[in-house]
Amino acid sequence: MGKGKPTASVKAKWDMITNMLQLDFWAEPHHSKALKDAAWEKNRIMIGKVGDMFQKLIQTEAGKKLAALPKKFNVLNQQQPFVLEFAKNKMFTPADVGSAKKFAVPLCQYNKQVGKADQTQPLDYASLVDTKMNVMYIVTVGKLMDTPFHRAVQSVLAPVLEKYQDSTDGVRGYFRGPVKGFTRMSDKVNEYVLEGKPFPRAACIIDPVRCTIGLESGKEMWRAYELIMAEDKKPNGAFKVVRYKNKWSEEIKESPFRCLMFNVQFEAHGIAIIGELQITLIEGLKIKKIQHKFYDIVRCYQDGLTEKEVHRDIVKQICK
């Protein structure tokens with residue numbers, strides 16, 4: 001795109017950000033250090049505002065109870081159950097991977113045909129299965145379970161969501177996130193490889209379906225917490241809590257985003273899936289939306305990138 005005239009939509013979105021930075025992006029060099037420094041400083045200020053919000057919250061009775069909750073807990077087998085079952089009952093186990101030589105030649109030939117590998121190089125069969133087949137399975141099940149999952153969560157949290165039922169701004173009440181995409185999940189599997197997670201690593205992806213709930217007060221957040229934990233204790237409840245992180249905990253001294261995060265196992269159509277709920281303050285979501293843009297600007301300034309590449313990444317990531 002160069003330094004030419006931007007499209008109207010890109011310029012409008014960028015102006016919203018640069019007005020807060022008090023810099024004119026289109027008048028600055030594409031790799032302007034001033035732009036990067038301004039974004040970093042604003043990012044730091046936004047994180048400070050999150051800290052101020054936290055201090056204000058814990059002055060309330062409900063806030064004190066939230067801050068006193070344990071920082072996190074896990075239960076056993078919190079990984080995607082259908083991926084684990086898929087790996088166990090089909091053929092995608094460590095034993096199969098260990099005897100996969102018979103697959104190496106035809107798969108390498110296939111990869112050569114599509115230009116992805118040299119035929120003489122052995123294929124990592126486990127990675128292929130995890131990043132392609134298992135991930136595609138999660139995406140498919142996620143799309144199947146997406147609507148039932150959101151209906152179940154909204155039903156459980158109806159007492160606190162009723163006042164927000166007409167909200168459409170993405171920060172007040174219930175915000176339904178999209179099913180996590182194939183590319184992002186494949187990238188996560190590769191990260192789990194580096195972390196030394198056992199096969200199948202795709203089973204570690206526990207947020208293919210997700211939602212965010214923005215509430216006005218600590219009192220409402222505490223009520224949401226009670227509703228979720230009460231549902232977990234029911235013999236035939238809508239879901240079971242398998243992991244929980246309390247980013248409102250007093251043990252966390254600084255965080256760019258404060259929330260109660262639950263991973264719940266939900267079952268429908270004879271299939272179980274683990275999804276994610278994030279419960280936070282509306283004020284925090286508003287800060288996050290701004291802070292994340294500034295952080296993304298800083299991330300665009302990677303070593304070795306040319307001016308045009310930095311410009312391309314900023315337009316792509318920030319003005320989308």
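This is a predicted model: local features need pLDDT of at least 70, side-chain atom pairs count only at pLDDT 80 or more; totals for chains, interfaces and linings use all residues.
First, the overall picture. The protein chain has 12 helices and six strands. Of its 320 residues, 46% are buried. If you take contacts between residues at least 6 apart in sequence, 71% of them join residues at least 24 apart.

Now the rings. You describe a pair of aromatic rings by the distance of the centres and the angle of the planes. The structure holds five aromatic pairs, and here are two of them:

| Pair | Centre to centre | Angle between planes | Type |
|---|---|---|---|
| F149 and F266 | 6.1 Å | 75° | edge-to-face |
| Y225 and Y244 | 6.3 Å | 50° | tilted |

The phenylalanine pair ties together distant parts of the chain: F149 sits in helix α7 (residues 125-156) and F266 in strand β5 (residues 260-268), 117 residues apart. F149 counts as buried because its relative accessible area is 1%, under the 20% cut-off. F266 comes out at 6%, so F266 is buried too.

The tyrosine pair also links distant parts of the chain, with Y225 in helix α10 (residues 218-233) and Y244 in strand β4 (residues 239-246), 19 residues apart. Its planes are at 50°, so the pair is neither stacked (under 30 degrees) nor edge-to-face (over 60), and it lands in the tilted class. Y225 and Y244 are both buried.

Which residues form one aromatic cluster with Y225 and Y244? W222 and F262 do.

Key: Residues are numbered from 1 along each chain as its sequence is written. Side-chain values use heavy atoms; hydrogens and water are left out. Rings of Phe, Tyr and Trp (its six-membered ring) pair if their centres lie within 6.5 Å; planes under 30 degrees apart count as stacked, over 60 as edge-to-face and the rest as tilted. Helices (H or I, at least four residues) and strands (E, at least two) are DSSP runs, numbered from the N terminus. Buried means under 20% relative accessible area, exposed over 50%, partly exposed in between (1.4 Å probe, protein chains only). Contact means heavy atoms within 4.5 Å.
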